Amino acid sequence: MGGELKLVAGNSNPALAEEISACLGVPLCDAEVGRFPDGEINVHIKETVRGADVFVIQSTSPPVNEHLMELLLIIDALRRASASRITAVIPYYGYSRQDRKHIGRVPISAKLVANFIETAGANRVLTLDLPAGQLQGFFDIPVDNLRIDPIFADYFSQEGLAQDSVIVAPDVGAARRASGVAERLGLPYAIVEKARVSDKTGQVEARHVIGEVKGRRAIMVDDIISTGGTILAATDLLQECGAREVYAAFSHGIFAADAVQRIEQSSLRGVIVTNTIPPPVSPKLIHISVGKLFADIIERIHEDQSVSKLFPHY
Ligand code: R5P
């Protein structure tokens, strides 16, 4: 790609944006993303982006609507300022779980948000661990959806968590992620069958464990922790089934409502979470950064190099 590489950040995750910028040795563009007195979003890109290859770093994390609208307006400003290519770097893609009509008369929010992003003027999307790979098809522009399995597998291995462990999917939807991590580490994996009792409160029931966890360290891997209902229910069941200790690892930590307190009061030994959303601080939370990964991928996209070559084991 010919144009100069430029980075613009919204307000969702300044620390991650700074880290990506430091890894690339490219400063963040001078840009104002503020509010008018009535609460409307005020975007002003204060340096030229004409002909540039611009990467907009913005997770659409809570407050989701504010961060989404910032992203759309930044993209619009860049398009009108003649950026030659705009990549929406969305480490956490909000509304992604609403990807189908599971009952009548509900929206497919993930598709509508994809339409917004494309209509605003994004030419590409770079994200991490979408709940379902098919979401890429909601866009008619290229989407790089980075996988989390190598990141978690490397971390568990480095921290000595890979011995005598079983990797657990806390619901059927997480099975591919869990088997990916397990395969890389040569470990067995198990699946918890979960039923969501209430979408509104997040109340869930963990019903069965498929696979053997007795005497092992169980490490659950999932895309998102929101209320914590899924993993807390699964933790109890895994212990009833004889797991020696229980950990959990997440790509995206929303930590809605009192999730952090509930984790602190639970028997979970540790919760590993990336910084796609600024993670809360708590004695049980272990943060791992995806800043270097995003920086490497941005560099590759900018230089029109293969992204998959960074993950030679796939
Ligand atoms: C959906 O099934 C996701 O993979 C997560 O399991 C879910 O979003 C977690 O939500 P919560 O923490 O509220 O149970």
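Predicted model: local features only at pLDDT ≥ 70, side-chain atom pairs only at ≥ 80, totals over all residues.
Axes here are lines fitted to C-alpha atoms over the stretch in contact, with angles running from 0 to 180 degrees between N-to-C directions; helices (H or I, at least four residues) and strands (E, at least two) are DSSP runs numbered from the N terminus. From α1, the contact (heavy atoms within 4.5 Å) uses L16, E19, I20, C23 and L24, and from α8 it uses G291, K292, F294, A295, I298 and E299. These residues comprise seven nonpolar, one polar and three charged; Ala, Val, Leu, Ile, Met, Phe, Trp, Tyr, Cys and Pro count as nonpolar, Asp, Glu, Lys and Arg as charged, and the others, Gly among them, as polar.

Now turn to the largest pocket. Its lining has 40 residues, and R97, Q98, R196, D199 and I224 are the closest to its centre. By type, the lining splits into 16 nonpolar, 13 polar and eleven charged residues. At least two lining residues come from each of α2 (64-80), β9 (189-196), β11 (217-225) and α6 (229-240), and β11 gives the most, with four.

Residues are numbered from 1 along each chain as its sequence is written. Local features need pLDDT of at least 70 and side-chain atom pairs 80 or more, while totals for chains, interfaces and linings use all residues, and side-chain values use heavy atoms, without hydrogens and water.

Technical notes
1 Å grid on protein atoms, 1.4 Å probe; cavity = no way out; pocket = protein on both sides within 12 Å on 5 of 7 lines; lining within 4 Å.
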